[in-house]
Amino acid sequence: VKTCIDSDEGKSDAIYTKGLAQIGVKVTEDECRGNALWEAYCKDGNAIVSAQVTCPFGCENGACLRKPTYGQR
């Protein structure tokens, strides 16, 4: 029985955290393609799938960027 592990699964802000999904030695990382994030996650505990998420403020290093906080400290 293969068990899939998602490093950012269950986090409400998973799209803002670069994560990965892993089954055994197969690893799929969250990946940016333009302003879109391909969020890797586990399906049914034994498969890795990726879903495309549009990042309104851009995507960088495998995660959506949060809303800019210009002028705030």
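A disulfide here is a pair of cysteine sulfur atoms within 2.5 Å. What you see is a predicted model, where local features need pLDDT of at least 70 and side-chain atom pairs count only at pLDDT 80 or more, while totals for chains, interfaces and linings use all residues. Residues are numbered from 1 along each chain as its sequence is written, and side-chain values use heavy atoms, with hydrogens and water left out.

**View A. The link of cysteine 55 and cysteine 64.** The two sulfur atoms sit 1.9 Å apart. The S-S bond has -65 degrees about it, which makes this a left-handed link. Both cysteine 55 and cysteine 64 are buried (buried is under 20% relative accessible area, exposed over 50%, partly exposed in between, with a 1.4 Å probe and protein chains only).

**View B. Cysteine 4 meets cysteine 42.** Their S to S distance is 2.0 Å. Cysteine 4 lies in strand β1 and cysteine 42 in strand β5 (residues 36–43), so the pair ties together parts that are 38 residues apart in sequence. Strands are DSSP runs (E, at least two residues), numbered from the N terminus. Cysteine 4 is buried at 10% relative accessibility, and cysteine 42 is buried at 11%.

View C. Cysteine 32 is partly exposed at 24%, whereas cysteine 59 is buried at 15%.

**View D. An open sheet of three strands.** The order is β1-β2-β3, with antiparallel pairing (strands pair if DSSP finds at least two bridges between them). β1 and β3 stand at the edges, each with a single partner strand, so one side of each has no neighbour in the sheet.

Technical notes:
Helices (H or I, at least four residues) and strands (E, at least two) are DSSP runs, numbered from the N terminus.
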